[in-house]
Structures are given as C-alpha cells and as structure tokens.
Amino acid sequence: MGYDPTPMIDPMILAVLLPFAVVPLAPALARALGRWTGWVVAVVPAGIFLSIWRWLPIAPGQVHTTVYSWVPDLGVQLAFLADGLSITFVLLITGIGALVCIYAGGYLGSDPRLGRFYAYLLAFMGAMLGVVLSDNVITLFVFWELTSVTSYLLIGFDHHTENARSSALKALVVTAAGGLALLVGFILMMIAGGQLGLDGAEAGRLSALANVDLRGHGYYPAIFALVLLGCLTKSAQWPFHFWLPAAMAGPTPVSSYLHSATMVKAGIYLLARLHPMLGETWLWNDFVTFFGLITMLLGAIGTVGQKDLKRILAYSTLAVLGTLVMLIGIGTEVAIKTAVVYLFAHALYKASLFMVAGNVDHETGTRDVNVLGGLRRLMPFTAAAGTLAALSKAGAPPMFGFIGKELLYTTQISIENVGAWLILAALVANVALVASALMVSVKPFLGRLQETPKKPHEAPLSMLVGPVLLAGLGLLRGLQPEPFENNVGSAAASAILGDTVTMKLKLWHGVDPSALAVMGLSFLTLAAGYWLFTLIRARVSPIGGAMRRAAEFGPARWYELALAGLYRGAERVTRVIQDGYLRHYLFTILVVALVVAVWPLVQAMPLELGVDTVGWRAHEIVVAFLVLAGAILAAVLRSRLASVAALGAMGAAIVVLFMLFSAPDLAMTQMVVETLTVILLVLVFYHLPPVVRRSGAASRSRDLLVAIGFGALMSVLVLAVAAVHPAKDVSEYFLAESYPSAHGQNVVNVILVDFRAMDTLGEIAVLAVAGLGVFALVRLRARREEEGS
Amino acid sequence: MIPSLILRTSARSLLVLLLLFSVFELLRGHNDPGGGFIGGLLAAAAFSLYALAYGVDPARAVLRLHPLTVAGAGLLVAAAAGAAALVRGESFLTGLWYPDPLPGIGKVSSVLVFDVGVYLVVLGTTLLIVFTLGGEEE
C-alpha cells in the first residue's frame with residue numbers, strides 16, 4: 001500500500017473535536033499515569049499542531065474550508081475555515097497548549113485534582129480552537145461562550161478560596177455578558193447580510209458576509225457597537241479590564257495559557273477577523289483606537305507599583321492587549337503587520353514569563369519581588385529563559401519583540417496629525433514595559449540571595465521545557481524572521497486587511513531618516529525603562545498603595561456596586577412576587593392569564609362557538625352533573641379529606657366522559673393519575689393542621705370572581721377551539737403512517753414513542769427533574785428542621 | 001398509616017397483580033390502549049397502595065432501588081434506545097425493528113426499549129414524590 005496523502009478526518013474537525021473527546025478520559029488518565037499525565041495529554045495539542053502545520057506555508061489569500069453537515073434535516077451545518085489568521089492562532093493555541101500541559105504536570109505535581117484540571121484545560125482548548133476556526137457566526141458564538149465557561153472553571157480551580165471564586169465569577173460575568181452583546185451583533189449582521197432564514201451552508205457564514213456591504217447598511221453603528229462590546233470585554237479592554245488582574249487567582253499554568261495566546265486574544269482575533277467587513281470607517285478608527293490606547297496606558301502604568309510577579313505580568317498583558325487593539329483600530333497596512341508580529345511575539349514571551357514566574361513561586365514559595373533576588377545560580381535554566389523572554393518583552397535586539405516594537409514606532413510615525421501624541425503614548429507604555437520586564441526577570445535572579453519561605457532549587461524538567469523553548473523561539477525568530485513571514489505572517493496580515501500584502505521583517509533597517517528615528521526611539525525606550533526600573537525597585541510598596549487607592553474609584557468598583565445592587569434588587573423583587581403563599585401565586589397566574597387571553601378574544605368578536613346541540617344523551621347529562629357536583633363540593637366542603645374525595649369523584653366522572661367519547665388511552669391515564677393524586681394529597685394533608693377559615697368575606701368573593709372568570713374563559717376557549725376545523729392532514733398523516741412506517745396500531749402511543757419521541761424524551765427529562773426538585777425541597781426542609789431542633 | 005387488615009392482606013397480592021398488569025400495559029401499548037406512561041403510573045400506584053397499607057419504609061424495601069436510581073436509569077435507557085439508531089447511521093430516535101416476534105412479548109424494537117425508559121422514569125419520579133411526601137426518612 002502506498003502513502004495516502006489525504007487524511008482520514010479533516011484537520012479542522014479533528015482540532016475542534018479531539019480535545020473535547022479526550023475530556024471525559026482525563027480523570028482516568030491522571031489516575032493511571034500520575035506525574036506523567038502532562039506528557040501524555042500534551043500529545044493531543046501536539047497532534048493538532050502537527051496536522052495543521054502540514055498546511056504551511058500558507059499563501060496570502062489562501063484558505064482551507066470544510067463543511068460538516070450536523071443536523072441535515074434542519075439544515076444546520078458546521079462550517080470551518082482556516083486562513084493565515086486562523087492558522088497563526090491554531091498554532092499558538094496548540095503549540096503553547098502542549099507546553100502548558102507538560103508544565104502543569106510539574107506544577108500541580110501529585111495534586112489529586114490533576115485529572116479535573118486537564119479536563120478543564122482540554123475543554124477550554126477545544127473551545128478556543130472552535131472560535132478561531134469557525135466560519136459560522138452562530139458556532140463561533142457558541143465556542144466563544146464556551147471559552148468563558150471553561151475559563152471560569154480554570155480561574156476558579158482553587159474554588160475553596162473566596163478570592164478564586166469571586167475572581168472566576170468576575171471573568172465569567174464580564175466576558176459572558178459581552179458575549180451576549182456579540183450574539184445580537186452577529187444576528188444584526190445576518191439580517192443586514194440577508195442571511196437570516198437561509199439554511200445550510202449559507203446562513204451566517206463569515207466568508208459570505210465578507211461580500212456584503214455592511215458598512216453602508218443602516219444597522220452598521222449598532223453592529224459595530226455590539227461586536228465591539230463583545231471584543232472589549234473578552235480582551236480585557238478598559239473599562240472592562242479589571243477581570244484580568246483578578247484572574248491571576250487561577251493556577252499559574254492557567255494564567256500562562258489564558259493570558260498569552262488564548263482567552264484574552266479571542267477578542268483581538270475577532271476584531272482582526274471582522275476588520276475587512278467592519279473596519280476602515282471613522283467609527284472603527286476612532287473608537288477601537290481610543291479603547292486600545294486607554295488600555296495600553298492603563299496597563300503600562302499599572303505594572304509600576306505591583307510587587308506580585310503575576311500581577312506585574314497581568315498589567316503588562318493589559319498594555320499589550322491595548323496596543324494590539326489600538327493597532328487594529330488604526331488599521332493601516334503597517335499597523336496590521338505590526339499587530340501580527342506583536343501578537344506572535346507577545347504570545348511567546350508572555351507564556352514563557354508566566355511559566356518562569358510559576359517556577360520562582362513554586363520553588364521559593366513567594367511571588368513578591370521585594371523578597372526575591374540572587375536566584376541565578378540556583379535556578380540557571382529558569383533564569384536564562386526569564387532573561388531571554390524579558391529581553392523580547394522589553395524589545396531589546398535581537399529578539400522578536402524588538403522587531404515588534406520597531407514596527408510599532410514606525411506605525412505611529414506614519415500617522416498624520418495625531419502621530420506625535422500616539423508616539424508619546426507608545427513611548428510611555430513601552431518604557432513601563434521595559435521596567436516591568438526588568439522587574440520580573442532581573443530582580444529575582446540578580447543581586448544577593450534572599451531568605452524565602454522555601455529553600456529554592458531548579459524546577460523539574462517538565463517546568464523548564466515550556467519557558468526555555470518559547471523564550472528560545474523568541475530569540476530565533478528575531479535573528480531569522482523569514483520563516484515566520486513566509487509561513488503565516490504575510491497570510492495573517494492579508495486576512496486582517498482583506499487584501500494581499502507581503503511582510504518583510506528585519507532587525508536592521510539601514511540609515512534612512514525615519515528608520516534612524518525609530519531606532520533612536522527604541523534605544524531611548526530601553527534607557528528610560530532601565531532608569532524607571534532603578535527608580536521603582538526600592539519603592540514598590542508605596543507606589544502600589546497609592547495606585548490601589550486610585551483604583552477604588554475605577555471600573556472594578558463600579559462592577560462591585562452593580563453586582564451588589566443587582567443582588568439587592570433581585571432580593572426585593574423576589575420578596576414581593578414570591579411571598580410563599582400558594583394562593584397569591586395562583587391568583588397572579590389566573591389574573592394574568594385572564595387579562596392576556598381575554599383581550600384577543602374580545603378583538604375576535606363575534607366568536608364562532610362549536611356548540612353541538614344535537615346529541616345530548618341522558619347519561620352524558622348525568623356525567624356532566626357529577627363533574628359539576630364534584631367541583632362545587634371540593635370548593636365548599638370544610639374538611640380537607642372530604643374535598644380530596646370530591647375531587648377524586650370529579651376525576652372519575654371525567655374518566656367516564658373520556659370513555660364515552662372513545663379515548664381509552666386518555667381514560668386509563670386519567671384514572672391512574674386521579675388515583676395517585678388522591679394518594680398524594682392524602683399523604684400531604686395528613687401532616688397539616690385542621691382547616692381554619694382565615695380569609696374574610698371580601699377576599700373570598702374576590703377569589704370567587706376570579707375563579708368564575710377563569711372558568712368562563714376556559715369554557716369559551718374550548719368551545720371556540722371546537723368551532724375551528726384544524727388542518728386535517730396532520731392527524732390523517734399520523735393515522736395513515738402509524739402502521740406502515742411505525743408498525744403500531746395505537747396511534748396515540750406511536751406518536752409518543754416514535755413520531756414525536758424527541759418531545760417525549762424532553763418531557764420525561766423534565767418529569768425526572770421536577771421529581772428531583774420535590775425531593776430536594778422536602779429533604780432540605782427536613783434537614784433544616786433537624787438542625788433547628 | 002392506616003392499620004386495616006383487609007387493606008394489608010389485599011395490598012400484598014394487589015402489588016404483584018398490578019405490577020404484572022403494568023408490564024402487560026407497557027408491552028401491548030404499541031397496538032392497543034396502554035404504553036410506558038400508563039404502565040409506569042400503574043406500577044407507581046401499586047407501590048403507593050403498598051405504602052398506604054404498610055408504610056413508606058416497607059414499600060421502599062420492596063422496591064429495593066432508590067426511586068431516583070429508577071428514574072435515572074429510565075432516562076438512560078430512553079436515551080440509549082434513541083442513540084441505537086446512530087450506530088446504524090440513522091438519525092437519533094429512529095425506530096429499529098427486530099424482524100421476528102418473540103414469544104410472549106411480541107415484536108421487539110428500539111421503540112419498545114424507549115417505552116421501557118418512559119415506564120421507568122414515570123415509576124421512579126412518581127414514587128420519589130410519593131415516598132418523599134410520605135414523610136419517613138430512608
């Protein structure tokens with residue numbers, strides 16, 4: 001047999017489904033493999049990485065698409081598309097994902113929750129891959145919200161601490177709420193594109209929407225605002241940035257993964273993906289740039305004054321995310337190229353730095369930069385990786401980050417009017433980034449060795465592979481950027497621009513004036529950053545305190561106030577509408593139903609009622625009388641058990657009615673249900689005190705009025721329905737098809753278990769859940785009484 | 001609860017008879033009045049009668065399984081009966097029929113298995129409520 005180049009399964013389907021398929025196996029794997037779990041689980045992302053890697057190099061404008069028919073009867077299809085942008089993200093998600101899997105094995109060690117951790121991590125990975133590969137806005141949205149849910153589980157992994165729980169909730173509330181805005185935005189996009197109601201491959205296809213003039217449509221401002229809201233919340237842009245530093249409550253492997261290449265980049269990805277459709281308007285340019293700029297400055301200034309390694313990295317992540325959003329907002333060719341380079345460089349060094357911080361934390365027992373120092377001899381590999389990654393972050397030559405920063409300044413210089421201000425802002429941000437890079441990588445490793453909670457030594461191999469490889473890659477791509485630009489860089493930039501461009505990256509730009517100016521700015525940044533570092537290293541605590549006090553008035557505080565207000569409001573509403581009196585609930589339900597149903601009936605006047613006066617037979621009148629008598633007796637009798645018996649008699653009379661009108665199935669069911677109801681009521685009433693009449697005459701006559709009104713309404717409705725002759729073909733179809741295609745002569749049952757089996761499945765699920773609810777309520781009450789006594 | 005000798009004596013034999021009848025209803029449901037829903041309710045009524053005569057705990061002992069287990073198993077059975085069609089490449093819940101009728105049961109199909117699931121869910125849920133409201137802790 002020869003080599004078959006066509007794979008069995010499309011790599012994109014594999015990429016989206018494989019992580020989810022392994023999720024249920026993760027706990028068993030962790031039990032069986034122990035400390036080797038990470039190396040084995042890493043095979044999943046590594047395999048996806050390699051299967052997508054075979055598509056490299058991908059040329060600008062080249063796409064791979066696949067359409068998988070999911071529910072063919074409803075025309076629901078899964079459409080996936082991979083171009084330069086998607087592939088860049090897939091490689092980052094799976095490449096860094098594999099390293100994080102290995103790293104987490106060492107970091108969590110013999111933690112009994114290892115299996116659960118990998119289950120969450122893989123589910124998150126699958127959701128992320130779904131986001132960047134979906135070509136359908138609805139599946140994109142589903143995966144988008146899945147990343148919010150799974151990141152909630154990851155951030156709140158240490159759920160026994162209050163801090164982890166509230167941080168996870170913060171991330172979930174902010175990003176999932178943004179996701180809802182995004183959904184509305186997507187639906188408006190589909191309406192504007194005339195895609196709503198289309199079935200199959202056409203509905204909601206992003207690649208089809210690209211051919212629609214959305215910018216000229218009247219909905220454009222609304223679409224833009226809603227989509228922007230989704231992206232800003234996801235990518236932690238001001239004023240929604242506060243969830244990101246709080247998310248540091250998650251274990252370090254989670255931070256390393258979520259905040260380098262994945263979760264927070266999802267918003268960047270979507271902005272980039274939609275840029276050709278929604279970009280290049282004044283709305284886009286002004287607003288996207290504005291929010292990015294604010295976040296960039298806020299994050300950069302925030303890094304100064306943090307003493308926790310992870311928090312320094314969190315704020316510097318904010319600065320970079322802001323920079324990326326700003327670049328996509330500017331949207332010129334050089335800006336987009338810069339964004340691609342910056343994105344790639346940041347993913348490499350930030351994942352590496354988080355892992356380095358995790359190593360330091362893991363081996364010394366602290367993340368406080370004030371007490372860290374002199375670790376270079378004890379942790380040489382970690383120190384080397386940290387230094388390389390920090391150099392890339394600081395934008396020092398010859399790292400990949402240097403190319404990114406050069407491009408950033410080139411972009412700012414190329415903009416007219418506001419260019420000078422943007423340069424100043426970028427300068428401030430980058431100076432702070434340099435200082436924070438030194439803080440994270442120089443302070444812990446150089447200087448005198450300090451006393452730490454644990455006696456430090458080098459981290460195990462599993463915790464070194466990731467940071468060393470990623471930091472090394474940052475150096476390699478800086479020295480030799482051609483493979484990046486040829487393989488994916490140019491294609492990614494082209495996808496964002498919606499136009500074919502080629503990327504030419506180099507470390508040395510020659511001696512023309514603008515290149516020299518950029519070079520000058522670069523070195524000014526490094527020098528000023530070092531100066532800032534020496535200035536703040538001794539004064540971290542006072543600066544941090546002042547900034548925390550300033551943050552008291554910021555959006556994080558608004559969030560807390562809003563959440564507290566929501567809880568209070570919900571409590572108040574609940575107290576009013578759920579007062580615990582069943583009769584009030586019934587009263588509300590009946591009155592609302594009356595008001596809602598009577599109005600259309602009045603409008604439909606005169607009603608045609610299906611009163612059949614011909615066939616009144618004596619025994620029918622007797623049965624009807626029995627029903628009436630039962631109902632009235634049940635209402636007026638003073639003893640509960642007597643009322644129950646009267647209700648039972650009424651039910652039995654209705655059973656006779658069903659039998660008279662040849663509905664044996666109904667009659668039997670009604671009979672058994674009546675029996676069980678009586679038993680249940682007896683069981684409940686057995687525990688109740690005797691009836692005491694507490695209600696006054698006024699409320700009793702009001703109740704009587706509502707009851708009569710509702711009874712009249714139901715009678716009129718039944719008669720009105722009887723007058724309508726429904727389309728016969730449905731019942732005729734069932735009657736005709738029951739035996740030939742479902743092999744059953746009892747049509748009622750055939751409908752239940754075959755024709756409409758899906759409904760039945762749903763109903764029995766609801767039934768079981770309702771039973772569970774009763775069970776839980778009664779048990780809860782019993783337990784509370786036990787504790788009370 | 002109600003210490004009546006007549007009730008107690010009849011409840012024993014009625015339990016067996018009613019359970020048999022409920023299975024009969026379940027099996028004949030496809031062609032004649034009956035089915036999983038009615039069968040499940042009948043079986044639940046049988047156990048409820050027994051609980052009335054002897055109390056909830058003896059009724060629990062006769063059932064052996066916790067009602068929640070019965071209901072959960074029913075949901076699983078129904079879902080599995082639906083999923084069986086997926087193996088054959090048909091859509092979820094498509095009925096699969098075994099060609100020859102079995103003695104005493106009649107034609108066997110995934111639809112019948114689905115109905116067994118309905119039976120179990122109805123039985124389990126009803127008894128869950130009856131036993132819980134019956135008030136005695138297990």
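## Close-ups of a predicted model

View 1. Helices are DSSP runs (H or I, at least four residues), numbered from the N terminus. Among the buried residues of α10(A) are I223(A), F224(A), V227(A) and L228(A). Just after α10(A), look for A236(A), with a positive phi of about 55°.

This is a predicted model, where local features need pLDDT of at least 70 and side-chain atom pairs count only at pLDDT 80 or more, while totals for chains, interfaces and linings use all residues. Residues are numbered from 1 along each chain as its sequence is written, with chains lettered from A and ligands numbered from 1 in the order in which they are written.

**View 2. The largest nonpolar core.** A nonpolar core is a set of buried Ala, Val, Leu, Ile, Met, Phe, Trp, Tyr and Cys residues joined through C-beta atoms within 7 Å. This one has 205 residues, and V90(A), L133(A) and L324(A) touch the most other members.

**View 3. Where chain A meets chain B.** The contact takes 36 residues from chain A and 40 residues from chain B. On the chain A side, α28 (664-685), α31 (747-755) and α32 (757-788) each supply at least two residues.

Key:
Buried ≥ 20, exposed ≤ 12 C-beta atoms within 10 Å, placed from the backbone. Contact = placed C-beta atoms within 7 Å.
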